[in-house]
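Subject: Structure for your review

Dear colleague,

Please find the structure below, followed by an account of what was found in it.

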Amino acid sequence: MTIKICIANPKGGTAKTSTAVNLCCALAKEHYKIMLCDLDPQCSATVSLGYPQADDYHSLAGVLISDNDINPCVMHYETGNFDILPANADLTVVPVALYNKNDGIFKLKNALKNLEKDYDFIIFDTPAALNIITENALCAADKLVIPLYCDYFALDSMYYLLSKCQKLKDEGKSHIELLGIVRTLYDNTSPLSRYISHELKEQFGELLFSSLMSFNNRVSEAQATGVGIYFYDGSSISSRQAMLFAKELLKRLDI
Ligand SMILES: Nc1ncnc2c1ncn2[C@@H]1O[C@H](COP(=O)(O)OP(=O)(O)OP(=O)(O)O)[C@@H](O)[C@H]1O
Ligand SMILES: [Mg+2]
């Protein structure tokens, strides 16, 4: 059975893309069949794997706006041995195009129906906004992972996201469940990081992943080079942390 995981946090720069990309690399390394779906018009996931932005014909925007066939959009990321649905800047017009359309939030879910059986996991990288693109991912996904940078405002945006999920579920539009919160860009020397971390443990208990992603320049270097962290520096602490996180996630899913 395919498990669709939405990586989301409406706050910008909380390592959503890094978490999504590293998770795909780690799961593919464990021989799962993976699809990474880049839903951010910034195209960070696409670009960080060395892909050009999708052209019109291969654009997810066309799938979401005009119900185009999703199959031609699928690319293969050779180095990491997983598939990718690349983004392009046209995704910026999706919220306007789908405004007031009744079935607008189910476009992604419907488009994936014939494709998803080919994968063990589909991972959605979402934009830093709680707009209709993110809502599409929340309606299509089974599980939610929230990458959280441990500062006060990140908590605010996380609560906002969780209440949106609850609303979609109450309306019968989504069945998404919070799989967990992962601390990212973590700085063990920062008292605020440690304090927020403690608060998260108190409040979310088991839902807080015990594995975390420490701040490490190798992650941004890897992205700038257009390869996942494993292929840039497989022995780095970030590679090890990404694999630990993937294994904890699999355990949580009873896999
Ligand atoms: N563990 C890490 N150590 C150091 N830098 C990191 C780490 N993880 C991510 N970064 C850097 O932090 C920045 C934000 O990361 P990323 O793009 O993954 O966040 P995002 O939540 O997807 O951002 P956006 O909201 O803009 O989509 C990037 O420059 C990235 O290279
Ligand atoms: Mg991003």
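The largest cavity is lined by Ser-18, Val-21, Asn-22, Val-219, Ala-222, Gln-223, Val-227, Gly-228 and Ile-229. On a 1 Å grid over the protein atoms alone, a cavity is a set of points where a 1.4 Å probe fits but cannot get out, a pocket is an open set with protein on both sides within 12 Å along at least five of seven lines, and lining residues have an atom within 4 Å of a point.

This is a predicted model, in which local features need pLDDT of at least 70 and side-chain atom pairs count only at pLDDT 80 or more, while totals for chains, interfaces and linings use all residues. Residues are numbered from 1 along each chain as its sequence is written, chains are lettered from A and ligands numbered from 1 in the order in which they are written, and side-chain values use heavy atoms, with hydrogens and water left out.

The volume of the largest cavity is about 50 Å³, a volume being the space filled by probe spheres set on the points, with grid points joined across faces, edges and corners. Helices α1 and α9 each supply at least two of its lining residues; helices (H or I, at least four residues) and strands (E, at least two) are DSSP runs, numbered from the N terminus.

The largest pocket has a volume of about 370 Å³. Of its 25 lining residues, Thr-14, Ala-15, Ser-18, Leu-185 and Gln-223 are the closest to its centre. Two or more lining residues come from each of α1 (16-29) and α9 (217-225), and α1 gives the most, with five.

The largest nonpolar core has 52 residues, and Phe-124 and Leu-144 have the most contacts inside it. Such a core is a set of buried Ala, Val, Leu, Ile, Met, Phe, Trp, Tyr and Cys residues joined through side-chain atoms within 4.5 Å. Another core, of 36 residues, lies apart from it and includes Ile-5, Cys-24, Leu-36 and Val-182.

The whole structure contains nine salt bridges (a side-chain nitrogen of Lys or Arg within 4 Å of a carboxyl oxygen of Asp or Glu). One of them joins Glu-116 and Lys-4 (3.2 Å, N to O), which lie 112 residues apart, Glu-116 in the loop between α5 (107-112) and β5 (121-125) and Lys-4 in strand β1. Glu-116 counts as buried at 18% relative accessibility, as does Lys-4 at 7% (buried is under 20% relative accessible area, exposed over 50%, partly exposed in between, with a 1.4 Å probe and protein chains only).
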